[in-house]
Amino acid sequence: MEFPCKSTLLQNERKQTDGSLLLEREQTDHSLAQARAAAEASADLKLRRDREQANSELLHARVESNVISGAGRKTSPSGGTLLATVEQEKFEALLSTERERADRTTEEERLKADGVIRQERDLKRSLVRELLVQEREQTDANLNDERKQTDVEVARVTSLLSTEIATHCRTRADLTTRDEFLAIVSHDLRNPIGAVLSCSEMLLEDGFYKELDPEAKHWLGFIKRNTETALSLISDILDLERFAGGKLSLNMESLSLFQVMRESVENFVYEAAAKNILLRMKMTDPTVLICCDGSRIKQVLSNLIGNALKFTPEGGSVIVDGEVVSDQIVISIRDSGPGIPQEKRESVFERFAQIGSKDRRGLGLGLYISKMLVEAHQGKIWVRSELGNGSTFCFSIPKSV
């Protein structure tokens, strides 16, 4: 799978980097040229001033020499011979020639010095240029190496991402197929199991079948309980699908908290009596109203009460309590069971969680579904437990959502 957008972004980023590098190098060249020109101009100015100073001093010396020579001629005797005059002229001619030779020598030395200065400057420029070229070549080589490594890493990550996307697509297709399968199976199973449940209830309640012997009634009750369990598991599976697909909807209304709790507890009276377990409800204020989806909160209570009865030994107790704490409705279900180990308390609300590895008294969906339903009401659920002293499952939801 190709990722042209990322490739284009990388190319654009590199073009921008190259442009910035070229601009920086042009600015560096310009700055070096300016600095070199300023240094050379300063050196030239100093050399010119030194030479002007030397010329001025030489001129001053020659003027003084001419003045002395002229004064000598003035003080010569008026009756001096012609020979003396000739000698003076020869001396002046010789002095002039010597000065011209000195001037030519000075000029030649200055020309040679200028040539040496130019050669030195050219050499410096050449060295600076060569060093700059070497440094830039090294920078370009490092940049190319870094880009090659980046390309290799991008190719590797792209390959991994392509594989991950392909795997994700396959997984999503598998999940879609599985979800559709679960939905079909759940709905198709519910009808025949519901029919079995209806028949068992009819056989148990219809007066015509009251004359059945106790063993037959026992097995009819066994059929009824197991069909109810099967329907409950199917409902749990459908709820899981709704949670996963974000399709869970709540029918919010204002209800009597006392009525919701009493109806939930009454559903377990016979089961508790069969196990000789004391099932009791406490309610400090029976007038309290709760804004909720009544059927869903009853489902939470049924899961928690059924779970408490499941793990409470014969002769134990299960207490269901409801109270108002600030702006929250807090409901607790306390049992006298064996309790939950510390390391298991955080995981009991996970899907398919089991208290013990050999415990098969359910799929472990009840607490997970209860947690999802409570959170859908903007509430929270938690557990307090101590080994040997039972467990207390609590949940809270706002009085008004």
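Reply: Two strands pair if DSSP finds at least two bridges between them, and the elements themselves are DSSP runs numbered from the N terminus, with at least four residues (H or I) for helices and at least two (E) for strands. The model is predicted, so local features need pLDDT of at least 70 and side-chain atom pairs count only at pLDDT 80 or more, whereas totals for chains, interfaces and linings use all residues. Residues are numbered from 1 along each chain as its sequence is written, and side-chain values use heavy atoms, with hydrogens and water left out.

The protein has seven helices and seven strands, arranged along the sequence as α-α-α-β-α-α-β-β-α-β-β-α-β-β. Five of the strands form an open sheet of mixed pairing, in the order E2-E4-E5-E7-E6. Its edges are strand E2 (278–283) and strand E6 (380–385), each of which pairs on one side only. From one strand to the next the twist averages 15 degrees, where axes are lines fitted to C-alpha atoms (for helices, over the stretch in contact) and angles run from 0 to 180 degrees between N-to-C directions.

Within this sheet, strand E5 (residues 328–335) has antiparallel partners in both E4, over eight bridges, and E7, over seven bridges. E4 and E5 make a hairpin with two residues between them, and in that turn Ser326 has a positive phi of about 60 degrees. For the protein as a whole, 26% of the 401 residues count as buried.

Strand E7 spans residues 391–398 and contains Ser391, which counts as buried because its relative accessibility is 5%. The side chain of Ser391 makes a polar contact of 2.8 Å with that of Ser385; such a contact is a pair of N or O atoms within 3.5 Å, and within protein one must be able to donate a hydrogen and the other to accept it, with residues adjacent in sequence counting only if both atoms are side-chain atoms. With neighbours within four places in sequence left aside, Ser391 is in contact, meaning heavy atoms within 4.5 Å, with residues that include Ile333, Arg334, Asp335, Val383 and Arg384. Contacts between residues 24 or more positions apart make up 73% of those in the protein with a separation of 6 or more. Cys394 is likewise buried, since its relative accessibility is 2%.

Helix H6 (residues 294–311) lies across E2, strand E4 (317–325), E5, E6 and E7, and runs at about 175 degrees to E7. Elsewhere, helix H7 (residues 366–376) has among its buried residues Leu367, Tyr368, Ile369 and Met372, and Gln378, which follows H7, has a positive phi near 65 degrees.

As for the cysteines, the structure holds zero disulfides, a disulfide being a pair of cysteine sulfur atoms within 2.5 Å. Cys292 is buried, because its relative accessible area is 0%, and its sulfur is too far for a bond because the closest cysteine sulfur, in Cys291, is 7.0 Å away.

Methods. Buried means under 20% relative accessible area, exposed over 50%, partly exposed in between (1.4 Å probe, protein chains only).
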